[in-house]
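Subject: Handing over a structure

Dear colleague,

Please find below the structure that I promised to pass on to you.

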Amino acid sequence: GGLSPSPSFSAPSRARFQFRIQPSPHRPRAAASLIPRRLDSGARVDFFVSLCDVLLRDSSYSTGEQIFVAPWRWREMSFPYLGRRISRPLIVIMPSKNIIGMNCDHNRRSVAACLVQAVYVLERDRQLNRQSVEALAPPWWEFFHFELIRKLVDDADMSIFGAIFEFNPPSSKEASVENAPRFVIAFRGTITEKDTISRDLSLDLHLVQNGLHRTSRFTIAMQAVQNVASVFPGSTIWLAGHSLGAGMAILTGRNMVKKGALLESFLFNPPFVAAPIERIRDERVKHGFRIARSVITAGLTIAMKSKTEGNSQRSIAEDSFNILSSWTPYLFVNPGDHICSEYIGYFQHRKNMEDLGAGFIEKLATQNSIGDLFFKALGWESEPLHLLPSADLIVNVSPSPDFKYAHGISQWWQHELNLQCTKHRYS
């Protein structure tokens, strides 16, 4: 059920918690009375000790915050008696219902991230055959008053790679209704499990080769987005994705812009296919590398322009880039994640080049990449996803313990993040 902790600290190393046990708003039948029925007294003590341990390890919890514990997982967990090692229960942290409003940037980010997480859990539910009350995915959308209206299934491995959610609040008077989307289409990233790893890694390779648009998964995703937009014209639609799923969201969002639809997009840890120059610590060396890359890219672009003079392909590419400048997705990146951190330097370098009076060079370079020019020189159809004219860049500069956390989706629904936000507009 839902547990509301009220911590009061009597010493730096000790804390007291008071719990009010109540039925879950997500699963009304999974009432709090299940606790004594499924756990004997010793196991119940261990459960709450374990829960307190989880709360103490994370300082982001606050008094009165709602904590959702999945009771159907208790029978799968072992709760050894006090004095022995305590296993953690499965605990999903949800914000309190009275603060869920779509006017707040944090809440919008959290909702989008949780719906992406829902797709990850949907696929794991499928792999582990968790059905009905044993399924762990529904709380991730039910809490925010969303309904799952369609799963997006890959035709190659039958995995769930995306989902379409519809917002269905109990009352139109609730604060959460204002500025809320009608639909959210979310895409997961790579899952390194045997059922999905082969297909997901092949798609990662297509992404690196700027060929994700040639895959059947993209075709399914694009058709789904187009169908929602055409059947419900004028409705607010969000796109959301993480890692590989962010690449899928970028690609669908770009194509919808070309069709005249600007979809609000939340891109978590989006891949940037380029050398990780942002990892270089020496700022002068880093800046030198970026200038050299811009000059080389601009030079190759001019050379290919002269070679294809009279061909409209290059002018079409330039027009496409200009059209995309009206679309402003939200990019959520972490400096500790080398997969996406290059976005930080990509946008900052634009400004630096303009300050140096070399804006013309950077204008050519920012529309192309060396890899993209190489593929096109070989006659391959290439569409680099990371070349974005405009974006709101949100950087999580909070300390990251490791790469797994820096690249993970869970950081983006946390309350206390140190975020640096910059707006970048192409002109």
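**Serine 398 and its surroundings**

The side chains of serine 398 and asparagine 396 are joined by a polar contact of 3.0 Å, a polar contact being a pair of N or O atoms within 3.5 Å, where within protein one must be able to donate a hydrogen and the other to accept it, and where residues adjacent in sequence count only if both atoms are side-chain atoms. Please keep in mind that this is a predicted model, in which local features need pLDDT of at least 70 and side-chain atom pairs count only at pLDDT 80 or more, while totals for chains, interfaces and linings use all residues. Residues are numbered from 1 along each chain as its sequence is written, and side-chain values use heavy atoms, with hydrogens and water left out.

Serine 398 sits in the loop between strand E13 (391-396) and helix H13 (403-406); helices (H or I, at least four residues) and strands (E, at least two) are DSSP runs, numbered from the N terminus. With a relative accessible area of 16%, serine 398 is buried (buried means under 20% relative accessible area, exposed over 50%, partly exposed in between, with a 1.4 Å probe and protein chains only). Leaving aside residues up to four places away in sequence, serine 398 touches Leu417 and Asn418, contact meaning heavy atoms within 4.5 Å.

**The sheet**

Eight strands form an open sheet of mixed pairing, in the order E7-E8-E9-E10-E11-E12-E13-E14, where two strands pair if DSSP finds at least two bridges between them. Strand E7 (146-153) and strand E14 (419-424) each have a single partner strand, so one side of each is left without a neighbour in the sheet. Within this sheet, strand E11 (residues 264-268) and strand E12 (residues 330-333) pair in the parallel sense over three bridges, and phenylalanine 268 stands opposite phenylalanine 332 in E12.

**Aromatic residues**

There are 16 aromatic pairs, counted when ring centres of Phe, Tyr and Trp (its six-membered ring) lie within 6.5 Å, with planes under 30 degrees apart called stacked, over 60 edge-to-face and the rest tilted. Phenylalanine 266 and phenylalanine 332 form a stacked pair, 6.4 Å centre to centre with 10° between the planes. Because phenylalanine 266 lies in strand E11 and phenylalanine 332 in strand E12, this pair ties together parts that are 66 residues apart in sequence. Phenylalanine 266 is buried at a relative accessible area of 3%, and phenylalanine 332 is buried at 4%. One aromatic cluster is formed by Trp238, Phe266, Phe268, Tyr330, Phe332 and Trp412.

With kind regards
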